[in-house]
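User: Please take a close look at one part of this structure and describe how it is put together and how it is tied to the rest of the chain.

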Amino acid sequence: MAAGFKTVEPLDYYRRFLKENCRPDGRELGEFRTTTVNIGSISTADGSALVKLGNTTVICGVKAEFAAPPADAPDKGYVVPNVDLPPLCSSRFRSGPPGEEAQVASQFIADVIENSQIIQKEDLCISPGKLAWVLYCDLICLDYDGNILDACTFALLAALKNVQLPEVTINEETALAEVNLKKKNYLNIRTHPVATSFAVFDDTLLIVDPTGEEEHLATGTLTIVMDEEGKLCCLHKPGGSGLTGAKLQDCMSRAVTRHKEVKKLMDEVIKSMKPK
Amino acid sequence: MDGAMHTDAKSRAETGTESGPRGPGCSLRHFACEQNLLSRPDGSASFIQGVAEKSREQLIRNTCEAVVLGALHPRTSITVVLQVISDAGSLLACCLNAACMALVDAGVPMRALFCGVTCALDSDGTLVLDPTAKQEKEARAVLTFALDSVERKLLMSTTKGLYSDAELQQCLAAAQAASQHVFRFYRESLQRRYSKS
């Protein structure tokens with residue numbers, strides 16, 4: 001009976017739940033789904049992390065390679081993110097070149113890395129003007145159930161914390177790089193940006209962490225990326241219904257609490273990994 | 001039903017063209033926004049569209065979709081083509097203004113007008129509205145907002161750089177005040193156009 005109503009009038013079905021200040025999966029309007037993170041599962045990558053936000057699953061693998069630094073910044077390395085939304089994660093994606101959503105997500109992650117200065121690009125330089133590290137961060141979605149941006153940002157952060165780069169010395173005589181695989185150092189992660197996404201319903205209600213169905217029914221979305229000092233790295237609102245300044249303020253406070261939750265989870269996982 | 005609009009904002013200029021409802025059998029997609037990269041203002045041409053352009057297209061398209069009353073024109077595809085003639089800073093805001101004016105010129109029914117405003121915050125926290133390209137490069141943070149004309153609500157926002165919550169509210173308030181001038185410009189331009197004919 002309820003399933004029939006849901007198929008025929010999905011928006012009305014949702015409105016009935018929202019009137020009681022809850023959602024069909026039992027969550028409150030400001031509650032996130034269960035977040036789980038698994039670090040270091042891919043042994044062939046230099047750093048990896050798997051993040052699950054409810055059903056949404058994103059895995060991030062980081063590979064480090066050598067490259068010549070850019071001509072206009074000879075003391076900087078590169079961080080190249082790429083988000084892949086393959087057909088296996090949802091029936092809405094087809095195989096072939098990356099669709100618009102994947103490209104927008106890749107640009108979003110690139111912006112977050114750039115704005116938050118999560119890694120100082122100067123740290124990736126080995127020999128100015130000659131050799132630098134390039135970190136290829138590949139984020140692949142394994143299950144798409146809404147809120148992909150939050151999961152990607154968290155997976156990227158966790159994977160970068162897991163990356164260990166071997167020490168490289170340039171041999172003076174042969175001018176070749178010598179890699180010492182026995183001595184590895186962790187990256188210097190300066191800030192911890194955490195993304196919080198909201199969906200706007202009927203131009204008025206804001207719900208946190210939308211699922212795939214909720215995103216489809218929403219009239220707008222908003223993503224806030226905050227670091228630990230409360231500074232904003234990104235306020236991504238791609239169109240949709242309008243928001244007043246006061247509503248934005250409520251979103252900010254929710255983003256601050258979410259940051260604390262995520263930071264605590266990350267610290268626990270890192271601590272459990274350390275004695276290796 | 002084609003409309004073309006030339007909005008001159010200081011040293012920046014854009015042309016947007018509108019195509020009206022096409023016949024049946026066209027794509028089911030309701031709206032398309034394409035940032036034309038076939039010819040750049042410096043004369044170069046490129047056929048490869050990068051992720052940054054795709055991201056900007058999505059922003060402009062979703063802003064237009066929020067205000068256009070699409071239900072009045074079912075089975076219709078509305079294409080907004082934006083050609084950058086010269087870029088002297090605040091490009092995205094100018095694109096949004098041009099898109100809005102082109103939609104008005106084409107007679108597409110909308111629930112509100114929208115305008116784009118860019119704010120730049122430099123290293124000591126001073127707010128600069130509508131920054132030039134040089135000011136944007138030197139700024140600590142650049143925030144672009146799209147505001148609607150009815151209640152000055154925030155329709156779209158995209159930001160670059162680090163800034164605090166208080167600075168965001170400050171920029172938003174300044175943008176809302178500045179949007180009045182843009183809407184007045186819209187009104188005056190349209191009055192001028194229709195008083196001649």
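Analyst: In this predicted model, A:Val200 stands opposite A:Leu206, a residue of strand 10 of chain A. The pair belongs to the antiparallel contact between strand 9 (residues 194–201) and strand 10 of chain A, which are joined by four bridges. These strands are part of an open, antiparallel sheet of four strands in chain A, ordered 10-9-11-12. Strand 10 (205–208) and strand 12 (232–236) of chain A form the edges; each has a single partner strand, so one side of each is left without a neighbour in the sheet. On average, neighbouring strands of the sheet are turned by 20° against each other, direction ignored. Helix 6 (residues 245–273) of chain A packs on this sheet and touches strand 9, strand 10, strand 11 (220–226) and strand 12 of chain A. The direction of helix 6 makes about 50° with that of strand 11.

In the loop between strand 9 and strand 10 of chain A lies A:Asp202, whose side chain meets that of A:Arg15 in a salt bridge with an N to O distance of 2.7 Å.

The loop between strand 10 and helix 5 of chain A holds A:Asp209, which forms a salt bridge with A:Arg27, the closest N and O atoms being 3.3 Å apart. Because A:Arg27 lies in the loop between helix 2 and strand 1 (35–39) of chain A, the pair with A:Asp209 ties together parts that are 182 residues apart in sequence. Here both partners count as buried, A:Arg27 at 5% relative accessibility and A:Asp209 at 0%.

A:Glu213 forms a salt bridge with A:Lys6, with 3.1 Å between the closest N and O atoms. Over all chains, a search of the whole structure finds 19 salt bridges.

Terms used: Residues numbered from 1 in each chain as written. Chains lettered and ligands numbered in written order. Predicted model: local features only at pLDDT ≥ 70, side-chain atom pairs only at ≥ 80, totals over all residues. Heavy atoms only, no water. Pairing = 2+ DSSP bridges. Helix = DSSP H or I, 4+ residues; strand = E, 2+ residues; numbered from the N terminus. Axes fitted to C-alpha atoms, helices over the stretch in contact; angles between N-to-C directions. Contact = heavy atoms within 4.5 Å. Salt bridge = Lys/Arg side-chain N within 4 Å of Asp/Glu carboxyl O. Buried < 20%, exposed > 50% of the residue type's maximum accessible area, 1.4 Å probe, protein only.
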